[in-house]
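Please keep the 3D view open as you go through the points.

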Amino acid sequence: MPRIVLTFGTFDVFHVGHLRVIERAAAFGDRLVVGVSSDALNISKKGRAPVFSQGERLAIVAALKPVDEVFVEESLELKRDYIEQHAADVLVMGDDWEGRFDEFKDICEVIYLPRTPAISTTALIEKISGVGE
């Protein structure tokens, strides 16, 4: 049976930090499934709409070589359901979520990866838009 890894993210304004977390997540198993946050979920989490639409973000992530499957993440509260639906053996998240998903250790391994230093979508958006200059 293949070892299934599940990870989540908005993946807006795709950058090398996104690529690195996907590559590192894929290394924990045989099959990588990625939940891409819906536009509505992103607005509720971050207070702003993504730059790229849900459909565009799904297409970008699906095109990546390490990714075997993508789906829309509608709610943070459905993480357990997503893990079970995709029969995930491993949940991989960025360390900015450290401890937040430990409750799922009863059904899968939970791994928190360090973020790529000095890069974030918010910082890129601010740089591009000239905010703070």
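How many aromatic pairs does a search of the whole structure find?

1. The search gives six aromatic pairs; rings of Phe, Tyr and Trp (its six-membered ring) pair if their centres lie within 6.5 Å, with planes under 30 degrees apart called stacked, over 60 edge-to-face and the rest tilted. Tryptophan 97 and phenylalanine 101 make a tilted pair, 5.5 Å centre to centre with 35° between the planes. Phenylalanine 101 is buried, at a relative accessible area of 4%, while tryptophan 97 is partly exposed at 21% (buried is under 20%, exposed over 50%, partly exposed in between; 1.4 Å probe, protein chains only).

2. This is a predicted model, where local features need pLDDT of at least 70, side-chain atom pairs count only at pLDDT 80 or more, and totals for chains, interfaces and linings use all residues. Residues are numbered from 1 along each chain as its sequence is written, and side-chain values use heavy atoms, leaving out hydrogens and water.

3. Have a look at Phe8, Phe71 and Tyr82, which form one aromatic cluster. Over the ring of phenylalanine 8 sits the charged end of lysine 79, 3.9 Å from the ring's centre (NZ of Lys or CZ of Arg within 6 Å of the ring centre and within 35 degrees of the ring normal).

4. Strand E2 (residues 31–37) is largely enclosed by the rest of the structure, because six of its seven residues are buried; strands are DSSP runs of E, at least two residues, numbered from the N terminus. Strand E1 (residues 4–9) runs parallel to E2, joined by six bridges (pairing needs at least two DSSP bridges). Isoleucine 4 stands opposite arginine 31 in E2.

Technical notes:
Helix = DSSP H or I, 4+ residues; strand = E, 2+ residues; numbered from the N terminus.
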